[in-house]
Amino acid sequence: MDLRTAEKLVTLGVKIRNIREHGLTEGASTRLLIFAAQLIVRGVSPIDACQTAICQPITDDERLQETLDDLIN
């Protein structure tokens with residue numbers, strides 16, 4: 001994985017952890033960030049990888065999913 005994409009994943013993880021105060025009970029763990037990175041390396045688009053590996057596992061709340069989608073985009 002290139003450094004720029006890795007940095008973006010780390011930044012996303014930090015942003016998600018910062019919204020835990022707004023109803024998100026679990027942040028983006030290092031493990032979930034690594035899963036997203038593995039998907040990206042295998043050719044999955046970064047947006048799809050983050051939604052699949054990070055967002056969907058941590059909440060099923062539609063409002064929080066929209067917030068997470070905004071962070072990813």
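Q: Where do the axes of H3 and H4 come in relation to one another, and at what angle do they cross?
A: A helix pair can be described by the approach of its axes, the crossing angle and the handedness. In this predicted model, the axes of helix H3, residues 46-58, and helix H4, residues 62-72, come within 10 Å and cross at roughly 150°. The crossing of these two helices, H3 and H4, is right-handed.

Q: Which residues make that contact, and how do they divide by class?
A: The H3 side of the contact is formed by Ile47, Cys50, Gln51, Cys55, Gln56 and Ile58, while H4 contributes Gln65, Leu68, Asp69 and Ile72. Sorted by class, the contact of H3 with H4 has 6 nonpolar, 3 polar and 1 charged residues.

Q: How do H1 and H2 cross, and which residues of H1 meet which residues of H2?
A: The axes of H1 and H2 come within 10 Å and cross at roughly 145°, and H1 passes H2 in a right-handed crossing. From H1, the residues Thr5, Leu9, Gly13 and Arg17 meet Thr30, Leu33, Ala36, Ala37 and Ile40 of H2. Among the residues of the contact of H1 with H2, 5 are nonpolar, 3 are polar and 1 is charged.

Q: Which residues of the largest nonpolar core touch the most other members?
A: The general idea is that, in soluble globular proteins, nonpolar side chains tend to be buried together. Here the largest nonpolar core has 20 residues, of which Leu9, Ile16, Leu24, Ile54 and Leu68 touch the most other members. Helix H1 (3-18), helix H2 (30-41), H3 and H4 each supply at least two residues of this core, and H3 gives the most to this core, with 6 residues.

Q: With which residues is Ile54 in contact, once its neighbours within four places in sequence are left aside?
A: Contacts between residues set apart in the sequence show how a fold is brought together. With its neighbours within four places in sequence left aside, Ile54 is in contact with Leu9, Leu12, Ile16, Ala28, Leu32, Leu33, Ala36 and Ala49. As a separate reading of distance, Ala6 and Ile54 are 48 residues apart in sequence and 14 Å apart in space, C-alpha to C-alpha. Ala6 itself lies in helix H1 and is partly exposed, with a relative accessible area of 28%.

Q: Is Ile58 buried or exposed?
A: Burial is read from relative accessibility, and a residue under 20% counts as buried. Ile58, which lies in helix H3, has 7% relative accessibility and therefore counts as buried. Apart from its neighbours within four places in sequence, Ile58 is in contact with Ile16, Leu24, Glu26, Gly27, Leu32 and Leu68.

Q: How many residues apart in sequence are Ile58 and Lys15, and how many Glu7 and Ile58?
A: Ile58 and Lys15 are 43 residues apart in sequence and 14 Å apart in space, C-alpha to C-alpha. Glu7 and Ile58 are 51 residues apart in sequence and 21 Å apart in space, again from C-alpha to C-alpha. Glu7 lies in helix H1 and is partly exposed, its relative accessible area being 45%.

Q: Where is Thr59 found, and is Thr59 buried or exposed?
A: Loop residues are read in the same way, by position and then by accessibility. Thr59 is found in the loop between H3 and H4, and with a relative accessible area of 11% this residue is buried. A polar atom of the Thr59 side chain lies 3.1 Å from the backbone nitrogen of Asp61. Leaving aside neighbours within four places in sequence, Thr59 is in contact with Leu24, Leu64, Gln65 and Leu68.

Note on methods: Residues numbered from 1 in each chain as written. Predicted model: local features only at pLDDT ≥ 70, side-chain atom pairs only at ≥ 80, totals over all residues. Heavy atoms only, no water. Axes fitted to C-alpha atoms, helices over the stretch in contact; angles between N-to-C directions. Helix = DSSP H or I, 4+ residues; strand = E, 2+ residues; numbered from the N terminus. Left-handed = near helix turned anticlockwise from the far one by under 90°. Contact = heavy atoms within 4.5 Å. Nonpolar A, V, L, I, M, F, W, Y, C, P; charged D, E, K, R; others polar. Core = buried A, V, L, I, M, F, W, Y, C linked by side-chain atoms within 4.5 Å. Buried < 20%, exposed > 50% of the residue type's maximum accessible area, 1.4 Å probe, protein only. Polar contact = N/O pair within 3.5 Å; in protein donor to acceptor, adjacent residues only side chain to side chain.
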